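Below is a brisk report on one predicted model. Look through the sequence and the coordinates before reading on.

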Amino acid sequence: MTNSLQLECGALKVARHKIECVGCAYFNARRQIGDASGVERSDSDEKLAGAGEDVDISYLKSLDPKEWKDQDHYSVLGLGKLRYEASDDDIRRAYRRMVLQHHPDKRKAKGEEVITDDDYFTCITKAYEILGTAKTRRSYDSVDPEFDDNFPSQSDIDNNYFNSFNKYFNLNARWSEKQHVPPFGEVDAKREEVERFYNFWYDFKSWREFSYLDEEDKEKGQDRDERRWIEKENKAARIKRKKEEMTRIRALVDLAYNSDKRIQRFKQEEKDRKAAAKRAKMDAAQAQKAEADRAVREAALAKEKAEKAEQKRIEQIRIEREQQKKLLKKERKTLRDKLKDCKYYAKNDKDQLKHMEGTEKICETFSLAELQTLNKAMETKGRESFVAALQTAERKIADELEELNLAQQKKQTTNGQANKTPAGVKEVKKGDVWSNENVQLLIKAVNLFPAGTAQRWDVIATFINQHGGGATTPVTARDVLNKAKALQHSDHSKSTLKTQANEAAFQSFEKSKKEVQTTNDITLGDSPAESSKENVKQNGAPPVNNNNNQQQQQQEQQQQVEPKQNGVAAAPPTTNGVSSKSSWTKEEQALLEQAMKTYPTTTPDRWDCIAACIPNRSKKDCLRRVKELVELVNSKKEAQAAVK
């Protein structure tokens with residue numbers, strides 16, 4: 001506002017100038033004039049007027065500019081009551097008022113002594129720097145010394161639960177990143193409102209940060225490394241304080257939740273609801289069980305009644321049959337007595353015998369009603385009725401015989417068509433399946449796979465099909481079983497089986513004799529036994545020669561299985577005039593197994609030591625026996641694997 005001032009005198013004429021009125025006295029006077037004249041004032045003016053704008057000069061003089069972080073910046077600017085609610089315009093006006101009142105130049109003009117380096121006006125300037133910038137003000141508001149971080153006491157919770165927590169949740173709602181914080185509510189709040197409130201606070205996101213409390217200012221670092229270290233330390237301290245703040249908020253929410261009678265009421269209602277649902281479910285299950293039991297009982301009663309009715313019906317039928325039998329027996333006796341009294345209406349003995357046989361035919365073929373009718377007719381007609389009945393009985397017997405013959409012919413025709421070989425299918429004779437080679441394989445397989453082997457006959461059939469190359473048709477387990485029974489019960493003295501077996505064995509022996517060079521000295525280093533000795537020392541078991549050993553084993557087992565004639569068994573084979581025992585007793589087998597366990601593969605001259613443990617057995621016999629056992633085990637495994 002500017003006013004014109006004009007001065008006039010008789011000699012001089014002064015020019016007119018515009019002067020702007022300033023100063024605290026002017027503003028106070030203008031404010032009073034404005035209030036009296038009804039001039040509009042802002043909401044901030046009203047808030048400042050109500051909160052008190054004047055700052056105690058003694059408080060300002062007590063401030064230390066070096067400890068500016070510990071001062072209350074809102075109180076320094078006269079905004080102690082508005083604090084975080086003060087707008088940016090309020091802060092600028094308050095700072096301007098403080099500058100007009102406490103600027104060092106103003107105070108010097110009034111004659112006040114001012115120490116420039118340690119003047120409290122620095123605190124006013126620092127307060128405006130902090131509150132005048134949004135980022136630094138947010139940092140200061142996060143650590144507002146007037147904010148209450150405590151929890152309501154237990155007495156407050158017990159006496160006035162809702163007012164206490166309403167107060168503290170409203171205070172902490174200022175830190176929320178989300179707007180429209182749900183209210184705490186009252187005792188009659190709905191369940192959805194209460195759950196929404198606790199869900200919000202359990203997922204509470206706070207914008208509160210603690211950079212104002214940094215102990216070091218990174219801008220004061222002398223070099224980049226020091227500034228980075230300061231920033232790292234400050235960041236760690238902020239994160240720690242942030243965690244403590246979130247823990248505090250969570251503790252406040254937990255305290256309210258655990259003390260909330262509404263939650264207790266909701267839990268009790270949920271518990272009652274679940275209990276009611278459980279009772280309803282149990283009642284339904286019990287009702288269903290009772291219904292099922294009732295249905296079972298009714299079914300049992302119905303079944304019992306049906307069984308009793310069936311038994312009664314069967315008993316009735318039995319009684320009726322007994323009565324029918326008695327009546328039939330009575331009518332037959334009556335017929336026989338009448339015919340006997342009339343001497344069977346016979347003219348001679350031949351007719352009498354014929355009529356006696358006819359009487360039995362009549363009794364067997366006639367029903368009860370027919371017999372009763374016949375007995376009544378014989379009282380009047382006599383012989384004539386008897387002869388007619390006799391003819392009827394013979395005709396019935398002839399019809400039955402004819403029906404039986406037709407049924408038998410039809411059955412034979414059906415069986416003949418079923419047994420007829422279809423076109424294009426080759427009929428295989430059993431003699432073609434069981435050739436001499438397959439019979440020898442059967443004898444061998446029966447010894448290889450004794451009784452007790454799993455799926456024995458299937459295994460034997462697979463063994464014969466694998467080793468028999470002559471037959472084009474595979475042998476089944478049923479064929480093997482039938483052939484084994486036939487060989488067991490047949491008369492071997494009238495068959496050529498022994499001759500054929502001997503011939504096959506001799507041919508196999510001649511063939512092996514040509515392939516293998518034998519010498520009288522069985523301990524030569526080039527002999528098969530010595531060559532197998534090296535393999536035994538390395539592998540722990542003698543090598544298996546599939547060709548020679550299989551022929552030798554086949555020859556030995558043929559001699560073992562070959563049927564005895566006249567009680568004399570076949571003699572063991574000889575090699576170069578030296579007799580070798582081919583059959584091992586159980587005692588020798590046990591000694592061999594024990595010796596192989598006693599002398600492991602690392603023992604020098606292992607087979608000499610093993611042979612020394614078995615009386616009347618040489619090293620060569622032991623090696624041959626082990627070869628036979630290895631081949632036997634391998635054959636069984638192959639056959640069983642093929643069956644599976």
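## Overall figures

The protein chain has an accessible surface of about 44,000 Å², and 50% of that surface belongs to carbon and sulfur atoms. Accessible areas come from the Shrake-Rupley method with a 1.4 Å probe; for residues, only the protein chains shown count as cover. The model is predicted: local features need pLDDT of at least 70, side-chain atom pairs count only at pLDDT 80 or more, and totals for chains, interfaces and linings use all residues. Residues are numbered from 1 along each chain as its sequence is written, and side-chain values use heavy atoms, with hydrogens and water left out.

The secondary structure comes to 26 helices and four strands. Both are DSSP runs numbered from the N terminus: helices are H or I with at least four residues, strands are E with at least two. Of the 644 residues in the protein chain, 29% are buried. Buried means under 20% relative accessible area, exposed over 50%, and partly exposed in between (1.4 Å probe, protein chains only). Take the contacts between residues at least 6 apart in sequence: 65% of them join residues at least 24 apart. A contact means heavy atoms within 4.5 Å.

The largest nonpolar core has 24 residues. Such a core is a set of buried Ala, Val, Leu, Ile, Met, Phe, Trp, Tyr and Cys residues joined through side-chain atoms within 4.5 Å. Leu 60, Leu 77, Leu 79, Ile 124 and Leu 131 have the most contacts inside this core. Helix 4 (73-76), helix 5 and helix 7 (121-131) each supply at least two of its residues. Helix 7 gives the largest share, six residues.

A second core is separate and has 22 residues, including Ile 157, Trp 201, Ala 256 and Phe 266. In soluble globular proteins, nonpolar side chains tend to be buried together.

Helix 5 spans residues 88-102, 15 residues in total. From first C-alpha to last it reaches 21 Å, close to the 21 Å expected at 1.5 Å a residue. The expected span is 1.5 Å times one less than the number of residues. Its buried residues are Asp 90, Ile 91, Ala 94, Tyr 95, Arg 97, Met 98 and His 102. Seen down the axis of helix 5, they fall within an arc of 160 degrees, so they line one face. The arc is that of the directions from the helix axis to the C-beta atoms.

Cys 123 sits in helix 7. Cys 123 is buried, at a relative accessible area of 1%. Leu 63 is 60 residues away from Cys 123 in sequence, yet 7.2 Å away in space, C-alpha to C-alpha. Leaving out residues up to four places away in sequence, Cys 123 touches Leu 63, Asp 64, Pro 65, Gln 71 and Val 76. In helix 8 (residues 134-142), Arg 137, Ser 139, Tyr 140, Asp 141 and Ser 142 are buried. Their cover includes helix 4, helix 5 and helix 7.

## Positive phi in two loops

Most residues other than glycine have a negative phi. Lys 343 has a positive phi, near 55 degrees. Lys 343 lies in the loop between helix 13 (261-341) and helix 14 (349-365), and is exposed at 59% relative accessibility. Gln 455 also has a positive phi, about 50 degrees. Gln 455 lies in the loop between helix 18 (436-448) and helix 19 (456-467).
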